[in-house]
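Me: I would like to learn how to read a helical model feature by feature. Please give the general idea each time, then the case at hand.

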Amino acid sequence: MPDRLEIITRLLQDHVATRRVMASLEHEVDQVAQFHAPDAAAIDAAIRFFTGHMAEMHHPIEDMIYRALAREAPAQAAETKKVAEEHDEAGALVSQLAEVTAELALDCGRTRAAFCRVARSLIAFERHHLRREESGFFRYAGELLTPVAWHSINITAKGLEKTLADAAAGQKTGDEHARGPRSRRRTLALPS
Ligand SMILES: [Fe+2]
Ligand SMILES: [Fe+2]
């Protein structure tokens with residue numbers, strides 16, 4: 001598979017996964033807004049999806065594409081520069097979501113509205129961001145970047161993926177040693 005196709009396909013698959021996570025998070029927001037008990041695991045999974053795969057792989061690949069576009073097609077890069085800036089904004093919203101989720105577990109009154117506000121902001125922001133990338137950024141990159149640029153991005157992405165996989169394997173081994181055979185999974189208990 002050509003490098004360009006491999007990278008763009010991978011990013012679009014991540015967008016499908018992101019929309020699935022957003023739908024799941026939106027359901028939990030509705031639960032909280034209606035004074036029902038949310039699924040803490042689903043909220044936790046959404047936060048980990050953004051702080052893990054999206055922050056460590058997806059956004060860095062897109063940032064590499066943006067830098068290549070800035071070199072090879074500056075006018076189109078300028079048109080889509082919001083894409084790169086929005087990764088920082090998304091990271092800030094995810095941090096806020098993690099904070100209000102932790103507070104929600106302690107206080108079911110005041111933080112319920114804050115949780116719903118932050119989570120809904122993140123959901124709307126992400127949906128807009130994905131549409132912006134798919135309608136302009138990916139199209140420009142697909143049409144204008146050279147095969148050499150795509151190859152370099154693909155090689156760097158695979159190197160990053162291997163580094164993260166090795167780190168995760170090391171972390172897992174370390175955790176298993178630290179926990180011992182009788183350890184249990186952590187669960188986050190949110191109030192109803
Ligand atoms: Fe992005
Ligand atoms: Fe993206």
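Me: Where is the kink in H5 centred, and about how many degrees is it?

Reply: First, the conventions. The model is predicted, so local features need pLDDT of at least 70, side-chain atom pairs count only at pLDDT 80 or more, and totals for chains, interfaces and linings use all residues. Residues are numbered from 1 along each chain as its sequence is written, while chains are lettered from A and ligands numbered from 1 in the order in which they are written. Helices (H or I, at least four residues) and strands (E, at least two) are DSSP runs, numbered from the N terminus. The bend at a residue is the angle between axes fitted to the seven residues ending there and the seven starting there. In H5 the kink is about 40 degrees and is centred on Glu-133.

Me: What span should H5 have, and how far apart are its end C-alpha atoms?

Reply: The expected span of a helix is 1.5 Å times one less than its number of residues. H5 covers residues 110-144, 35 residues, so it should span 51 Å; its end C-alpha atoms are 50 Å apart, which agrees.

Me: What are the corresponding values for H4, and where is its kink centred?

Reply: H4 has 26 residues and should therefore span 38 Å; its end C-alpha atoms are 39 Å apart, in agreement. The kink in H4 is about 25 degrees, centred on His-87.

Me: Which residues of H5 are buried, and what covers them?

Reply: A residue is buried if 20 or more other C-beta atoms lie within 10 Å of its own, exposed if 12 or fewer, and partly exposed in between, with C-beta atoms placed from the backbone. The buried residues of H5 include Thr-111, Phe-115, Leu-122, Glu-126, Phe-137 and Ala-141. Cover is judged by contact: two residues are in contact if their C-beta atoms, placed from the backbone, lie within 7 Å. The cover over the buried residues of H5 includes H1 (3-33), H2 (40-72) and H4 (81-106).

Me: Which residues of H4 are buried, and what covers them?

Reply: In H4, Val-83, Val-94, Leu-97, Thr-101 and Leu-104 are buried. Their cover includes H2 and H5.

Me: How do H1 and H2 cross?

Reply: Axes are lines fitted to C-alpha atoms, for helices over the stretch in contact, and angles run from 0 to 180 degrees between N-to-C directions. The axes of H1 and H2 come within 10 Å, crossing at roughly 160 degrees. H1 is therefore roughly antiparallel to H2. Angles under 35 degrees count as roughly parallel, over 145 as roughly antiparallel, 65 to 115 as roughly perpendicular and the rest as oblique. On the H1 side, the contact residues include Ile-7, Leu-11, Asp-14 and Val-21; on the H2 side, they include Ala-42, Ile-43, Phe-49 and His-58.

Me: Which hand does the crossing of H1 and H2 have?

Reply: A crossing is left-handed if the near helix is turned anticlockwise from the far one by less than a right angle, and right-handed if clockwise. H1 passes H2 in a left-handed crossing.

Me: At what angle do H2 and H5 cross?

Reply: Their axes come within 10 Å and cross at roughly 55 degrees. H2 is therefore oblique to H5. This crossing is left-handed. Ile-65, Leu-69 and Glu-72 of H2 meet Tyr-140, Ala-141 and Leu-144 of H5.

Me: Is Leu-69 buried or exposed?

Reply: Leu-69 is buried, with 25 other C-beta atoms within 10 Å. Beyond its neighbours within four places in sequence, its contacts include Gln-76, Ala-77 and Leu-145.

Me: What is the phi of Phe-35?

Reply: Most residues other than glycine have a negative phi. Phe-35 is not a glycine, yet its phi is positive, about 65 degrees. Phe-35 sits in the loop between H1 and H2. With 10 C-beta neighbours inside 10 Å, Phe-35 counts as exposed.

Me: How many helices and strands does the protein chain have?

Reply: The protein chain has 6 helices and 0 strands. Its C-alpha trace spans about 55 × 40 × 25 Å along the principal axes. Of its 192 residues, 23% are buried. Among contacts with a separation of 6 or more, 78% join residues 24 or more positions apart.
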